[in-house]
Amino acid sequence: MKVMVVENYKELSQKSAQMFYQSIINKRAINLGLATGGTPVGFYQELVKFLKGHDMTECIRTFNLDEYIGLSKGNPNSFYTFMNDHFYKPLNLSDDQTFIPNGKADDLEDESSQYETLIQSYGGIDLQLLGVGENGHIGFNEPGSHFEQRTHVVNLKPSTVQANARFFNSIKDVPKKAITMGIGTILDAKEIIVIANGEHKAEAIYQLVHGEKSRNWPITALKGHSNVTVILDEAAANKVKLRQAT
């Protein structure tokens with residue numbers, strides 16, 4: 001595992017976007033695993049700047065980590081809308097390049113299974129972007145999740161609902177369930193880049209770098225992966241940087 005500490009959020013966004021851009025231009029075709037939430041917004045802004053106007057976007061396929069159950073694509077709080085606003089539309093990506101679970105599917109278990117099969121049918125994820133929750137969740141894999149689990153339906157922890165309430169008019173509007181890639185699905189990615197900013201992420205990062213593998217901290221599953229880069233601002237690194245974690 002490689003840990004990089006940068007000065008601030010802007011530098012974190014630029015560095016992570018640059019790494020993705022380099023991987024994209026180095027491959028004829030690439031499958032990107034992508035994340036949503038507050039942390040990746042700057043990443044998408046910077047990556048769009050790198051890719052805007054380049055025909056290399058034709059080689060990109062994207063697979064999102066998760067989607068809220070009960071929200072249609074057109075809902076302003078759906079992860080599809082987030083991705084369309086921040087990445088799909090700015091780069092004119094077509095529908096057959098962009099994949100995300102259907103949170104309005106009639107059969108959610110079947111949707112989960114089909115999404116897992118879809119990822120595998122395209123050869124798996126080449127490069128996966130991850131954020132991390134305060135409680136250590138990756139995707140929507142909450143504490144207690146099995147490390148072998150594949151794409152599935154999950155009940156969100158109250159702490160996760162509370163953390164995401166800032167994106168909704170009221171906490172009552174936040175969905176309580178989601179479809180998410182499982183930790184086993186995430187670990188199948190050939191390369192993983194984790195980005196984290198803010199002191200509220202420091203404990204989860206500490207557990208990743210210095211803790212033991214534990215289902216209490218889902219992010220620690222990444223300790224078993226051979227190609228992980230963690231990019232942190234100084235606040236998120238304040239429990240690890242003095243230990244020279246590299």
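1. Helices here are DSSP runs of H or I with at least four residues, strands are E runs of at least two, and both are numbered from the N terminus. Please keep in mind that this is a predicted model, where local features need pLDDT of at least 70, side-chain atom pairs count only at pLDDT 80 or more, and totals for chains, interfaces and linings use all residues. Residues are numbered from 1 along each chain as its sequence is written, and side-chain values use heavy atoms, with hydrogens and water left out.

2. The largest pocket has a volume of about 720 Å³. A pocket is an open set of points on a 1 Å grid over the protein atoms alone, where a 1.4 Å probe fits, with protein on both sides within 12 Å along at least five of seven lines; lining residues have an atom within 4 Å of a point. Grid points are joined across faces, edges and corners, and the volume is the space filled by probe spheres set on them.

3. In total, 34 residues line the largest pocket, and Thr36, Gly37, Gly38, Asn164 and Arg166 lie nearest its centre. By class, the lining holds 14 nonpolar, 16 polar and four charged residues. Ala, Val, Leu, Ile, Met, Phe, Trp, Tyr, Cys and Pro count as nonpolar, Asp, Glu, Lys and Arg as charged, and the others, Gly among them, as polar.

4. An unreviewed UniProt entry places the feature "active site" at Asp66, Asn135, His137 and Glu142. From this set, Asp66, Asn135 and His137 belong to the lining of the largest pocket. Asp66 lies in strand S4 and counts as buried at 4% relative accessibility (buried is under 20% relative accessible area, exposed over 50%, partly exposed in between, with a 1.4 Å probe and protein chains only). UniProt positions follow the numbering used here, feature names are shortened, and annotations may be inferred rather than shown by experiment.

5. The second largest pocket contains about 200 Å³ of space. Its lining has 16 residues, with Lys73, Tyr80, Thr98, Phe99 and Ile100 nearest the centre. Helix H4 (108-121) gives the most to this lining, with three residues. The classes here are eight nonpolar, four polar and four charged. Lys73 also lies over the face of Tyr80, 4.7 Å from the ring centre; the test asks for NZ of Lys or CZ of Arg within 6 Å of the ring centre and within 35 degrees of the ring normal.

6. For the aromatic side chains, the whole structure has 13 pairs. Rings of Phe, Tyr and Trp (its six-membered ring) pair if their centres lie within 6.5 Å, with planes under 30 degrees apart called stacked, over 60 edge-to-face and the rest tilted. Phe20 and Phe43 have ring centres 4.9 Å apart and planes at 75 degrees, so they are edge-to-face. This pair links distant parts of the chain, with Phe20 in helix H1 and Phe43 in helix H2, 23 residues apart. Phe20 is buried at 0% relative accessible area, and Phe43 is buried at 0% too. Ring pairs join Phe20, Phe43, Tyr44, Phe82 and Phe87 into a cluster.
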